[in-house]
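Have a look at the structure first, then read on.

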Amino acid sequence: MPDTIAELIAQMTLEEKAGLCSGADFWHTKAVGRLNVPSMMVSDGPHGLRTQQEGGGVNDSIQAVCFPAGCAAAASFDTELLRREGETIGEEARAVGLGVVLGPAINIKRSPLCGRNFEYYSEDPCLAGELSAAFVQGVQSRGVGTSPKHFAANNQEYRRMTSSSNMTERTLREIYLPAFEKTVKEARPWTVMSSYNRINGTYVGESRTLLTDILRGEWGFDGFVMSDWGAVSDRVAALAAGLDLEMPASDGVNDQKIVAAVRAGTLPEAVLDKAVARVLNIVLRWADLARAPRPALDLARDHETAIRLGAQCAVLLQNRGALPIQPGQKVAYIGGFAATPRYQGGGSSHVNPYRVDSALDAAAARGRTVNYVEGFPADRDQREEAEFLKAVEAAEHADVAVIFAGLPDSFESEGYDRKHMCLPDSQNNLIARVAAVQKNTVVVLHTGSPVECPWADEVNAVLCMYLGGEGVGTAADALLYGDAEPSGRLPETWPLRLEDTPCYLDFPGDGHTAEYREGVYVGYRWYDARRMAVRWPFGHGLSYTGFVYKAAALSADTLTEDGTVTVTVTVRNTGARPGSEVVQLYIADETGTAGRPPKELRHFAKVWLEPGAETQVRFTLTARDLSYYDEKLGDWYAAPGAYTVLVGHSSRNIPTRLPLQFVTDRRRPFTVDENTPMGDLLQDERTAPVMQAVLQRFAGAMGDNGGGENAAITAEASRQMMDAMPLRAMTSFGGAQAAAALPGLLAALRAALPEKKDRE
Ligand code: BGC
């Protein structure tokens, strides 16, 4: 700990130290006036500031720009965009004197029903991690901290404060932790917010394994851990586990418990001192940076940034030619979202926006003539036949009908999960009726998560804006008329129906536990493994131009444990318009290792190309890219053998497959005893020779009783039986000699397995 901090701590009373470990109020850390330790303010949230007005209630926040929510930002597949969003939010935070922005929110989208999915990034940990690291770097480059949240496995709102997310260690390590791991290792966030929930029965806030061993020990986190608001159960246990700051405040009640525990000798004072040092380290860092002159808040400028970013987040899901709208075409706008777009979600991330642009405002500002009929309201499921008839008539008399649809606010929010994946009936109904009379029907979606689209085959085009921030109307206008190029990709699978989703039977659990029975098969890992049809796959998104890949190559055919292999591919814009392509690299394990998803995203890159232009994209592969988390080893592990490097436009559009061999001396722990199946021994190159020799010796008795095709035991059946036979079967079937050879065989097999290679 730095000297100044150690000196401060030495001067503090026990009460002052305990006090520093909880908030002064809803949004501030405590000051220690006599030692010049200032109070630091923290505020939500992930996509804009929700900074409470001086003296106001929790719903009175200052005006700030509302940027694309996590669902939309992730659809950009663009680390530069996330960095820019972070920088702009960081500047606003500096301008208003904040110390820490409470975000990014990076929990994995286990089910499309999670009420907070609109804040979260993806079903895929690689995508979520890369984007989150860029966002954190962006904010922190402006001298303000971040708090990646909610660490960890907080994947539902139902009973979020007590429910236990139950899963294997492998699932936790491979799916629910890597986004945090990447963020911590690459972006060094000032703080991390621990989540409300339990994991396998233990509150995350009381988990030494998560908060100390993994977060600090393995990943090198050097900031402080703060609790989600009201997440602390046993304050003393939480402090001992590594939860430094309780938020918001407990009115001194929990501080006194800390004091009492230290006095009683049940909590070492050194543990408290460490937590205080971590809090002070960040508060003083902020105070130091905050001495520089504050930038002015420029909301008008930031609003323009929000528009630009919003346009780059939209995903063109389908287009049979209706888009972009051509000059001179007669256009009908239908649906309440054209006048009142949904651009953010409800709960702690809710921003009091500077200005909201609707598509109708944008059309007016650009002098476009559109015939608007509300058709259905944006805030509820309401069907009025007269409005429907007007809408259908307007569509019939237009060249293009654009329906602005989406989820009303009450359908998805922090605090509760969705019960279904449907749009309001009134919207589905009107879309179908409009599509029946207008072949150029375009649906623009404003949702924070996937919805079932029963009309997808009837409409011409679908443009998903997600919750695109306060500039969403202007962004949609630019995309519809071709003033901007659609370039987003789906950060999550859009399934055909809710019943297809991986945790359909287990979500959200019984209110006490949520069993993560689907394991690592989350999102496309599940749909691919089951070869299921989906509405739109992970990574999918169209453009107004087209791209081809050429000359894909690996720098070597073989990757070694500590080596790297470079993947290069040339991307060419073959269309007539500029546009962006997202090159996605997946890895498929072909070694026969059980339980691995068919493929997993490991890298991606977004490139902008003029028509006819091309560029080379490069990725560097390491052993970690091939690995899974092996519980026996307690480490990441890739089996030696064959892998395929897949380079594609989406998870289901992969033009390029490159074979790669992995060579390693590492092996999983292999313990041989009398119950080890002979098949395992025959498959391992170290034990196979020993085993083969023995089988030859006792061929007749042990295995060689396979007959022809019509025999009771065919040769194939005999082989399979041998594969499954434990060593002890030598005693049952091999006769006295084989039985006598067993102890010697066990010794020889064990001698063939040097322990150091197993890293046991
Ligand atoms: C949310 C956090 C948020 C905090 C403060 C909690 O209810 O889960 O994401 O940062 O409130 O508003």
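A few words on terms. This is a predicted model, in which local features need pLDDT of at least 70 and side-chain atom pairs count only at pLDDT 80 or more, while totals for chains, interfaces and linings use all residues. Residues are numbered from 1 along each chain as its sequence is written, and side-chain values use heavy atoms, with hydrogens and water left out. On a 1 Å grid over the protein atoms alone, a cavity is a set of points where a 1.4 Å probe fits but cannot get out, whereas a pocket is an open set with protein on both sides within 12 Å along at least five of seven lines; lining residues have an atom within 4 Å of a point. Points are joined across faces, edges and corners, and a volume is the space filled by probe spheres set on them. For the classes, Ala, Val, Leu, Ile, Met, Phe, Trp, Tyr, Cys and Pro count as nonpolar, Asp, Glu, Lys and Arg as charged, and the others, Gly among them, as polar.

## The largest cavity

How many cavities of 30 Å³ or more does a search of the whole structure find? It finds five. The largest cavity holds about 100 Å³ of space. It is lined by 13 residues, and the closest to its centre are Lys109, Ser111, Pro112, Glu123 and Thr493. Sorted by class, the lining of the largest cavity has four nonpolar, five polar and four charged residues.

## The two largest pockets

Now for the open spaces. The largest pocket has a volume of about 740 Å³. Out of 23 lining residues, Tyr637, Ala639, Arg668, Gln683 and Asp684 are the closest to its centre. Two elements give two or more residues to this lining, β24 (628-630) and α19 (678-683), and the largest share, three residues, comes from β24. Helices (H or I, at least four residues) and strands (E, at least two) are DSSP runs, numbered from the N terminus. The lining of the largest pocket has eight nonpolar, five polar and ten charged residues.

The second largest pocket comes in at about 460 Å³. Its lining counts 21 residues, with Pro178, Glu181, Lys182, Arg624 and Asp625 nearest its centre. Two or more residues each come from α5 (125-140), α7 (178-187), β22 (600-609) and α18 (623-626). Of these, α7 gives the most, with six residues. The lining of the second largest pocket has five nonpolar, five polar and eleven charged residues.

## Aromatic rings

There are 15 aromatic pairs (ring centres of Phe, Tyr or Trp, using the six-membered ring of Trp, within 6.5 Å; planes under 30 degrees apart are stacked, over 60 edge-to-face, the rest tilted). One of them joins Tyr628 and Tyr637 edge-to-face, at 6.1 Å centre to centre and 85 degrees between the planes. Tyr629 and Trp636 are also edge-to-face, with 5.5 Å between centres and 80 degrees between planes.

Both Tyr629 and Trp636 are buried (under 20% relative accessible area, with exposed over 50% and partly exposed in between; 1.4 Å probe, protein chains only). Tyr628 is buried at 7%, and Tyr637 at 4%. Elsewhere, Phe77, Tyr524, Phe538, Tyr586 and Phe604 form one aromatic cluster.

## Two buried residues

Asp477 sits in helix α16 (residues 472-480), and its relative accessible area is 0%. Its side chain makes a polar contact of 2.8 Å with the side chain of Arg368. A polar contact is a pair of N or O atoms within 3.5 Å; within protein, one must be able to donate a hydrogen and the other to accept it, and residues adjacent in sequence count only if both atoms are side-chain atoms. Leaving aside neighbours within four places in sequence, Asp477 is in contact (heavy atoms within 4.5 Å) with Tyr333, Ala362, Ala363, Arg366 and Arg368.

Ser227 lies in strand β9 (residues 224-227) and is buried at 0% relative accessibility. The side chain of Ser227 reaches the backbone nitrogen of Met247 at 2.9 Å.
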